[in-house]
Amino acid sequence: LSPDKTTLTATANGHIVWENNIPDVQTSYVVNGDVDMKTGNIYFVGPVKIRGDVTAGFSVTTEGSIEIWGGTDNAVLQAEGEIVVYGGIRKGRVHAKGDVKCRFIENAKVETKENVVVRDAILHSEITAGNSVFVLEGNKGAIMGGSVKAKKEVNAKNIGSISEVLTLIEVGVDPGMRNELLRLEESIRIEKYELHQVKLNYNNLMAHQNTELAKQYLDKKLDLENSLHLMTTSLQQIKKH
């Protein structure tokens, strides 16, 4: 309470609640039901607990962790901590810096800096883990369809299916580093083409003695050459690693 008794200042991040006309700041956010039209999208600075489902088209974003008692259907989850879904993750996107744990993943895109731990199955999904992927606890323990990329380990009871659904497994390379490698290769290809065009224009202008405009292309040429050098050096370092 301020000295003039006109302002209350919170001493912790959270949201204001009133109990018997007394204000308080709760450091976690609890939804007693589904995330839907009634609640809208959720953005919070701390842990979020949802005692229901996250329905289609809605998102939950937090600087803490997410705990969902139900499941998600074509939703977006983003957390600085871990994400735990007691039901399944169907469609949608999930991004976490901590572990992602759930019963199943189906037709979804999941990316984490740590582990993906699934009880039953990963079906036709795109999984990227900075550590490992485990599908070992349920009756199926299966990975079928889609792609699973992990830096350390992919461990499941069953991988692929008798119906020969294409299932891609990639281990041993940090997925983030691999994505950066692909990004650099594409950027280098584009800038090499731009540099070629700039050189043609520069030479053409010099041939016609238009030195003022040629200088602009010369500056752009030097910028592109410098940028290409930096990207090529980064690419070589990643490939060496």
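Buried means under 20% relative accessible area, exposed means over 50%, and partly exposed lies in between (1.4 Å probe, protein chains only). The model is predicted: local features need pLDDT of at least 70, side-chain atom pairs count only at pLDDT 80 or more, and totals for chains, interfaces and linings use all residues. Residues are numbered from 1 along each chain as its sequence is written, and side-chain values use heavy atoms, with hydrogens and water left out.

**Exercise 1. Classify the aromatic pair and its two residues.**

Step 1. Take the rule. Rings of Phe, Tyr and Trp (its six-membered ring) pair if their centres lie within 6.5 Å; planes under 30 degrees apart count as stacked, over 60 as edge-to-face and the rest as tilted.
Step 2. Count. The rule gives one aromatic pair.
Step 3. Apply the angle. The ring centres of Tyr-29 and Phe-44 are 5.5 Å apart and their planes meet at 45°, so the pair is tilted.
Step 4. Tyr-29 is in strand 3 (residues 29-31) and Phe-44 in strand 4 (residues 42-44), 15 residues apart. Helices (H or I, at least four residues) and strands (E, at least two) are DSSP runs, numbered from the N terminus.
Step 5. Check accessibility. Tyr-29 has 28% relative accessibility, so it counts as partly exposed. Phe-44 has 6%, so it counts as buried.

**Exercise 2. Locate two residues with positive phi.**

Step 1. Recall the background. Most residues other than glycine have a negative phi.
Step 2. Take Asn-20. Its phi is near 55°, a positive value in a residue other than glycine. Asn-20 sits in the loop between strand 1 (15-19) and strand 2 (22-26). Its relative accessibility is 76%, so Asn-20 is exposed.
Step 3. Take Gln-209. Its phi is positive, about 60°, although Gln-209 is not a glycine. The loop between helix 1 (175-207) and helix 2 (211-240) holds Gln-209. At 69% relative accessibility, Gln-209 is exposed.

**Exercise 3. Find the nonpolar cores.**

Step 1. Define the set. A nonpolar core is a set of buried Ala, Val, Leu, Ile, Met, Phe, Trp, Tyr and Cys residues joined through side-chain atoms within 4.5 Å.
Step 2. Read the largest. This core has 36 residues, and Val-54, Val-60, Leu-77, Ile-105, Val-116 and Val-133 touch the most other members.
Step 3. Find the main contributor. Strand 14 (residues 116-129) gives the most to this core, with five residues.
Step 4. A separate core of 10 residues includes Ile-188, Val-198, Leu-228 and Leu-235.
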